[in-house]
Amino acid sequence: MINHNPVVVIDFGAQYAQLITRRVREAGIYSMLLPYTSPLDEILALRPQAIILTGGPSNVTKTNAPKIPDGLLDCDLPILAICYGFQAIADNFAAKIGLAKTGEYGLVEMTLNKDGLSNPLFNNLPVKSQVWMSHEVEVKQIPLGFVNLASTPHTQFAAFGNFVKNIYGVQWHPEVIHTEFGQKIMENFLYKIAKITPNWTTDYIIEEQISAIKKQVGHNKVICGFSGGVDSAVAAALVNKAIGQNLSCVFINHGLLRLDEAEQVVADFKQFTGANLIVIDDSKVFLKKLQGVTDPETKRKIIGEQFIRSFENFVANLAQPYKFLVQGTLYPDVVESGGGSGTDNIKSHHNVAGLPDDMQFALVEPLKDLFKDEVRLIGKALGLPDRIVNRQPFPGPGLAVRIIGEVTSDNLNILRTADAIVRQELKSFAKDIWQCPVILLTQSKTVGVKGDQRHYGWPVVIRPVSSQDAMTADWFALPEQVLTRISNRITNEVNQISRVVLDITQKPPGTIEWE
Ligand code: XMP
């Protein structure tokens, strides 16, 4: 856990809750997400510098609607309340709230009044700007002690402030990019109202993590599960910097990587991190355990467990005892596995929910509070080359969750060949494409014609996405000729595949991986 006074974002179940946390971090300030059910002493134990209340899907006028944690508004902490949070504040101060005559969804023109224009929250904003709204309930009366600051064509009270209590609220969403001066408003709140000095820098994180790692592991021997991805490479480089020779990295080859990937990552890792690396090929063991398994969550749990078992087997044969295991778990992995803010378990990331209960290691997870782009910056600062730092994210359970159906060595080879073609053809899009999973659908044969003959083959799906942090993603529109080339090459070069399908789903609602 990072020991740094955060801005605590209280989550009312908002779609954009993590985005708010990110925006605060982009402003150079550490921030974390807690569910609205958190008791006050848990929130205050973090010694927060300010509080942000998120939006949420509930209707504040309903009896069982989420409430602001008891006592939070009396703690003299600067507060910014967004959308549902804005209404919850009004409700707390007994202002009238009800269904709006006209709900507002999407872009709306917001006008600052005289008080708004002179308020630090809107410092350097023009009178009129575009904001992004999503509400059907509205505040119908300014709460006692508050001043109205802005309006829109359909919302008379669109922002307010209580200058004595340092509580501010906006009906719109400053965290989404569509709000023209959204980041400016967030920064005005953080710098000018909460008066926080930004110090959440890469150097700071590295320094803090190194001392936290030293404190946690002391002179003990530490083992690192290196999966081949950016996260575990950066985690290993950080721990290596903290404890040097006491770290040994183990690369368990689970046989679920892409074509030639294992050899490449091992060579890069040895060259650039300076850490010891032992390679164990357990691909046969993994494949055997996955035999007959088609359920994705079961696949993840099997792989998560076998990783640990492979480590334990390795460690059991060593002369010295190993007590600690380093993992490159990120903040979104924790949140999406249901651990961050009481949110739903969307996908059990293998390294969070897939761990066996009787595991013998204590975990060292230096990236657990960080987003991917923060991890990349740390990797760069630690001297890792672009080839490692900018690698596309690849799931720990590898191709096992890209084969819909049973994982067999034949299926793996088919998918590897198709995937290698896609990777070759997309080389020049490395900057635009966050990742491009290629998925083999082994449960639905489709009819094709090859060499004038009826041919049954499987479909593969290609899913190029752009994203900032994998929490949300857009499908990436590849040029037609690139798509055509990929399709032609796959259907010609991989005999078992008869159809190439393009996935054009955003996240949400679709996740990036298919399983
Ligand atoms: P989804 O599919 O949830 O993916 O939109 C978000 C990001 O996480 C990766 N992913 C995983 N990574 N273990 C991992 O280490 C997993 O079980 C796992 N599942 C998804 C995915 O590739 C994307 O970058």
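This is a predicted model: local features need pLDDT of at least 70, side-chain atom pairs count only at pLDDT 80 or more; totals for chains, interfaces and linings use all residues.
Reader: At what angle do helix α6 and helix α7 pack, and how far apart are their axes?

Author: Angles from 65 to 115 degrees count as roughly perpendicular. In this model, helix α6 (residues 202–217) and helix α7 (residues 230–243) pack at an angle of about 65°, and their axes lie 9 Å apart. That angle makes α6 roughly perpendicular to α7, and the crossing of the two helices is right-handed.

Reader: Which residues of α6 and α7 meet, and how do the residues of this contact divide into nonpolar, polar and charged?

Author: From α6 come Ile206, Gln209, Ile210, Ile213, Lys214 and Val217, which meet Leu238, Val239, Lys241, Ala242 and Ile243 of α7. The residues of this contact divide into 8 nonpolar, 1 polar and 2 charged.

Reader: In what order do the strands of the open sheet stand, and in which sense do they pair?

Author: The open sheet is formed by 5 strands in the order β12-β11-β10-β13-β14, with parallel pairing. Its edge strands, each pairing on one side only, are β12 (276–281) and β14 (362–364). Neighbouring strands of the sheet are turned by 30° against each other on average, with direction ignored. Within the sheet, strand β10 (residues 221–225) and strand β13 (residues 322–326) run parallel and are joined by 4 bridges, and Val222 has Phe324 in β13 as its bridge partner.

Reader: Which strands of this sheet does α6 touch?

Author: Helix α6 packs on the sheet, where it touches β10, β13 and β14, and its direction makes about 165° with that of β14.

Reader: Turning to strand β18, how many of its residues are buried?

Author: A residue counts as buried when its relative accessible area is under 20%. By that reading, strand β18 (residues 453–462) is mostly covered, since 7 of its 10 residues are buried.

Reader: With which strands is β18 paired in the antiparallel sense, and with which strand does β18 run parallel?

Author: Strand β16 (residues 438–441) pairs with β18 in the antiparallel sense over 3 bridges, and here Leu440 has Val460 as its bridge partner in β18. Strand β17 (residues 446–450) also runs antiparallel to β18, joined by 5 bridges, with Tyr456 in β18 as the bridge partner of Val447. In the hairpin of β17 and β18, which has 2 residues between the strands, Gly451 takes a positive phi near 55°. The parallel partner is strand β21 (residues 497–502), joined to β18 by 5 bridges, and there Pro459 stands opposite Arg499 in β21.

Methods: Residues are numbered from 1 along each chain as its sequence is written. Side-chain values use heavy atoms; hydrogens and water are left out. Axes are lines fitted to C-alpha atoms, for helices over the stretch in contact, and angles run from 0 to 180 degrees between N-to-C directions. Angles under 35 degrees count as roughly parallel, over 145 as roughly antiparallel, 65 to 115 as roughly perpendicular and the rest as oblique. A crossing is left-handed if the near helix is turned anticlockwise from the far one by less than a right angle, and right-handed if clockwise. Contact means heavy atoms within 4.5 Å. Ala, Val, Leu, Ile, Met, Phe, Trp, Tyr, Cys and Pro count as nonpolar, Asp, Glu, Lys and Arg as charged, and the others, Gly among them, as polar. Buried means under 20% relative accessible area, exposed over 50%, partly exposed in between (1.4 Å probe, protein chains only). Two strands pair if DSSP finds at least two bridges between them.
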